[in-house]
Every structure is written in structure tokens, then in C-alpha cells.
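Trainee: Hi! Could you walk me through this one?
Mentor: Happy to. Have a look first, then ask away.

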Amino acid sequence: MLERNLVPLDFLKRRGGSAQATRPGTTPPPTASAALPEEVIAQEFQLKLNYAGKSSEGVRMKAGPTAMNELPSMLVGLARSEIEVVEPLPIEFSQATPVIARPSEAMQWLNAHHVHSPVTRHALVVLESIDAIDLAFDTFVCALLDGEVDTSGYPEYNAVVGGVASHWDEATGDMIVRSVVGWGGKGARGDTDRIGSRLLAGLLTNVLASQYSLGLTAVERPVPAAGRGGLVCAHCGFASAHERAFYCPKCGMRLLRG
Ligand SMILES: [Zn+2]
């Protein structure tokens with residue numbers, strides 16, 4: 001119905017004229033109806049998605065499982081929802097991507113993350129899409145930090161989500177923790193960036209205040225393996241997709257090479 005209204009009037013007249021001239025059993029002249037109108041009137045469709053985020057410098061922490069257990073406490077005072085821990089993904093989820101048009105990758109992603117809260121899933125979609133976290137090696141601790149959720153519990157576009165992400169330094173085996181925040185969706189607001197910066201700083205302050213903190217360090221993110229490969233951790237059984245990792249992305253123990 002809508003389309004008809006948008007077709008130019010003189011074009012409709014021409015089509016009507018050729019239809020009247022057609023008798024049963026005869027075909028209309030092909031050029032009459034196949035001719036393009038002089039101007040195509042198009043109805044425009046567009047979706048603008050805006051995802052953004054920030055990641056701080058890293059803080060080097062004394063290695064050991066106790067430091068790992070302290071990660072959720074670094075969000076205390078800033079979290080406005082339940083604090084959730086997302087562990088690195090084992091090798092069977094190494095293709096997991098939050099892109100619905102890629103069904104195999106999307107199914108892996110859903111199988112890995114359907115157990116998490118709407119806030120955490122939203123944070124993973126935003127932060128993985130902009131490459132601010134990589135669950136091949138990051139442990140991600142997450143909560144709603146600012147703004148509102150909708151009636152289904154999903155953060156609004158201007159809500160800020162995030163927390164801390166940690167990985168094991170491939171050279172020393174130290175744990176490196178950084179603060180990470182993100183936001184986005186169908187829209188953008190001018191003050192969200194400033195709120196995000198303030199929360200990033202607040203989280204980094206909490207990380208530096210940890211008893212295990214050894215101070216700021218440059219973040220060198222591990223490079224995930226291109227193909228299959230990697231090692232199975234003898235301590236916790238985690239199968240890493242990471243063939244260059246010297247330390248288990250999950251428990252931080254040294255990986256043994258055969
Ligand atoms: Zn392990």
C-alpha cells in the first residue's frame with residue numbers, strides 16, 4: 001500500500017494504458033511495462049548503532065590464585081547490579097562471536113554466554129565488538145556502572161557497563177588487570193563519554209588499592225593462535241586456544257609443554 005502511494009502518478013497512467021490494450025491470449029509489448037520511470041522514488045531505511053568503550057593502563061599484580069579471587073571486590077562501590085565473573089573461553093568456543101548473521105559463531109557465543117545476566121551479555125556484545133576485551137585470554141568481571149536497564153533487564157544505550165579484565169603476562173606469569181567500560185546501542189548522548197572516563201578512573205583506583213598491586217604497567221595483550229593448537233592446563237584442565245601462552249588463561253599456573 002505504502003509503495004503504491006510513492007509511485008509517480010504519470011507512471012501509473014502509462015501502466016494502466018498498456019493493461020487496457022491487452023486482450024486475453026495476447027502478451028503486452030515488453031518495452032511498455034519494463035521501461036523505468038524517469039525518477040525512482042526510494043523509501044530510505046537506516047540503523048545507526050554506536051558502540052564505544054575505554055580501557056585503562058594495566059596494573060601488574062603478584063601472581064597467585066588469591067589475587068584472582070579478589071577481582072570482584074574491585075567493583076565494590078561502583079557496581080549498580082550483581083557483579084558477574086566471565087572466565088576465558090576454552091578452545092571449543094574459540095570461534096564464538098556475537099554476530100547473528102554468522103550462525104556457527106553466534107551459536108558458540110550463545111552456548112558460552114546464555115547463562116550470564118542481560119547486563120553482562122550486553123557488556124560482552126559491546127566490548128567484544130569494539131575489541132576492548134578478548135575472552136581467549138581475558139577474565140572479565142562486570143556490572144552495570146551507570147544508567148538504567150529496560151523492563152527486560154537490558155541496559156539502555158547510554159548506560160555504562162564494565163569492570164575489570166585480567167590476563168596472565170606471557171613473559172613473567174604476573175596477572176595484569178585493567179579497568180574497562182563500554183556503552184552503546186541505538187543512540188548516543190553527549191555526557192556518556194565523560195561518565196565513562198570517571199568510572200574508568202574509579203575502577204583503576206580500586207585496582208591500584210589492591211594489596212597485590214605492583215603498580216602500573218604497559219598492557220601487552222597476548223596474541224591468540226590463528227589455528228587450532230594450544231595446550232591443556234595440567235592444573236585445572238582448561239584447554240586454551242592460545243598456542244603461545246605460557247600461563248593458563250584460567251588459573252594462571254604455568255603450562256607444561258610436551
Ligand atoms: Zn589452568
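Trainee: Which strands does helix 6 lie across?
Mentor: Keep in mind that this is a predicted model. Helix 6 (residues 118–129) lies across strand 1, strand 2, strand 3, strand 4 and strand 5. The helix runs at about 110° to strand 3 (139–146).

Trainee: And in what order do the strands sit in the sheet?
Mentor: The order is 2-3-4-5-1-6, in an open sheet of 6 strands with antiparallel pairing. Strand 2 (84–86) and strand 6 are at the edges; each has a single partner strand, so one side of each has no neighbour in the sheet. On average, neighbouring strands are turned by 30° against each other, direction ignored.

Trainee: How many bridges join strand 4 and strand 5?
Mentor: There are 8 bridges between strand 4 (residues 160–168) and strand 5 (residues 175–185), an antiparallel pair. As one example, Ala165 has Arg178 in strand 5 as its bridge partner.

Trainee: Switching topic: what are the protein donors of the zinc ion?
Mentor: They are the SG atoms of Cys233, Cys236, Cys248 and Cys251, lying 2.3 Å from the zinc ion. Along the chain, the donors follow the spacing C-x2-C-x11-C-x2-C. Cys233 and Cys248 both lie in the segment after strand 6 (213–217), so this pair ties together parts that are 15 residues apart in sequence.

Trainee: Why is the arrangement tetrahedral?
Mentor: Because the 4 donor atoms subtend angles of 106 to 113° around the zinc ion.

Trainee: Is Cys233 buried or exposed?
Mentor: Cys233 is buried, because its relative accessibility is 3%, under the 20% cut-off. Cys248 is buried too, with a relative accessible area of 0%.

Note on methods:
Residues are numbered from 1 along each chain as its sequence is written. This is a predicted model: local features need pLDDT of at least 70, side-chain atom pairs count only at pLDDT 80 or more; totals for chains, interfaces and linings use all residues. Side-chain values use heavy atoms; hydrogens and water are left out. Donors are N, O and S atoms within 2.8 Å of the metal (3.2 Å for Na, K and Ca); water is not among the atoms, so sites may look incomplete. Four donors count as tetrahedral if all angles lie between 85 and 135 degrees; four count as square planar and six as octahedral if opposite donors are over 155 degrees apart and all others between 65 and 115; anything else is irregular. Helices (H or I, at least four residues) and strands (E, at least two) are DSSP runs, numbered from the N terminus. Buried means under 20% relative accessible area, exposed over 50%, partly exposed in between (1.4 Å probe, protein chains only). Two strands pair if DSSP finds at least two bridges between them. Axes are lines fitted to C-alpha atoms, for helices over the stretch in contact, and angles run from 0 to 180 degrees between N-to-C directions. Contact means heavy atoms within 4.5 Å.
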